[in-house]
Amino acid sequence: MVDINELKMIIVRSIIAIFILFVTTKILGKKQLSQLTIYDYVVGITIGSIAADAIISLNEHFINGIVAILTFGLIAYILSMLALKSPLINKALNGTPVFLMESGEFNYEALKTSKVTIVKLIESARLKGYYDISQINYAILETNGEISFLPKEEYQNSNPKDFKLNIKAKLAKQTYCTPLIIDGDIQEKNLKDLGKDEEWLKKELKKLNIHDEEKIVLASMNEAGKIKVYKELK
């Protein structure tokens, strides 16, 4: 049988908890979900968990949960303020950006350490409007988990005057790039879609003096038929 008094208590606790969470969040500072660092995420999850436990655990004193939320929020706020003044604390809490690509080449150690796959990097580039990875000069894994891209100079956005003069040339450079090899694995479906086969690919690689496709991190071909190979350094 439903206990009406318990339901009333849960409703009252929920209203109070929402108010406390709102105030605490405002004090800590509002951020979009995509801007959250690991530290922000952990703080949010922990405070939410404490609030949920305080609401549901009717056998416990509700004030204990409120005190726990406020205490944790205060600690998080103090650490955030210290992070603004201390680069060392900021680095410990939020981490630092990681260069996944530098000067147009993959940073293999950074990719491995950050657990970012080539497939994920290519997908992120497409979402930012870069369909050919060879157009990228720098790829940076930001502290919020997003990957930002700096294209090579010839692919950077022009000012309005330059854009009017070079619009056809700029559009001609934007081509789709099809992965042929990812992490040493030949993409047979992509080859088939292009009307090519593995034998053709190996011949093209030999022209580039590459004989071991297993050491290739990424090989791709643009719409003009140009193949770009990123070979893993040993």
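A nonpolar surface patch of about 550 Å² is formed by Leu74, Tyr77, Ile78, Met81, Leu82 and Leu84 in this predicted model. Patch members have over 30% relative accessible area and no salt bridge, and nonpolar side chains (Val, Leu, Ile, Met, Phe, Trp, Tyr) are joined within 5 Å; a salt bridge is a side-chain nitrogen of Lys or Arg within 4 Å of a carboxyl oxygen of Asp or Glu. Areas follow the Shrake-Rupley method with a 1.4 Å probe. Isoleucine 78 belongs to helix α3 (residues 62–85), helices being DSSP runs of H or I with at least four residues and strands runs of E with at least two. With a relative accessibility of 42%, isoleucine 78 is partly exposed (buried is under 20%, exposed over 50%).

Across the whole structure, 4 aromatic pairs were found (ring centres within 6.5 Å; planes under 30 degrees apart stacked, over 60 edge-to-face, the rest tilted). The rings of phenylalanine 99 and tyrosine 138 are edge-to-face, because their centres are 5.9 Å apart and their planes lie at 75°. This pair ties together parts 39 residues apart in sequence, since phenylalanine 99 is in strand β1 (residues 98–102) and tyrosine 138 in strand β3 (residues 136–141). Phenylalanine 99 is partly exposed at 35%, and tyrosine 138 is partly exposed at 25%.

One aromatic cluster consists of Phe106, Tyr108 and Tyr230. The charged end of lysine 228 sits over the ring of tyrosine 230, 5.3 Å from the ring centre (NZ of Lys or CZ of Arg within 6 Å of the centre and within 35 degrees of the ring normal).

Residues are numbered from 1 along each chain, and side-chain values use heavy atoms, without hydrogens or water. Local features need pLDDT of at least 70 and side-chain atom pairs pLDDT 80 or more, whereas totals for chains, interfaces and linings use all residues.

Note on methods
Phe/Tyr/Trp six-rings, centres within 6.5 Å; stacked < 30°, edge-to-face > 60°. Buried < 20%, exposed > 50% of the residue type's maximum accessible area, 1.4 Å probe, protein only. Patch = residues over 30% accessible without salt bridge, like charges linked within 9 Å, V, L, I, M, F, W, Y side chains within 5 Å.
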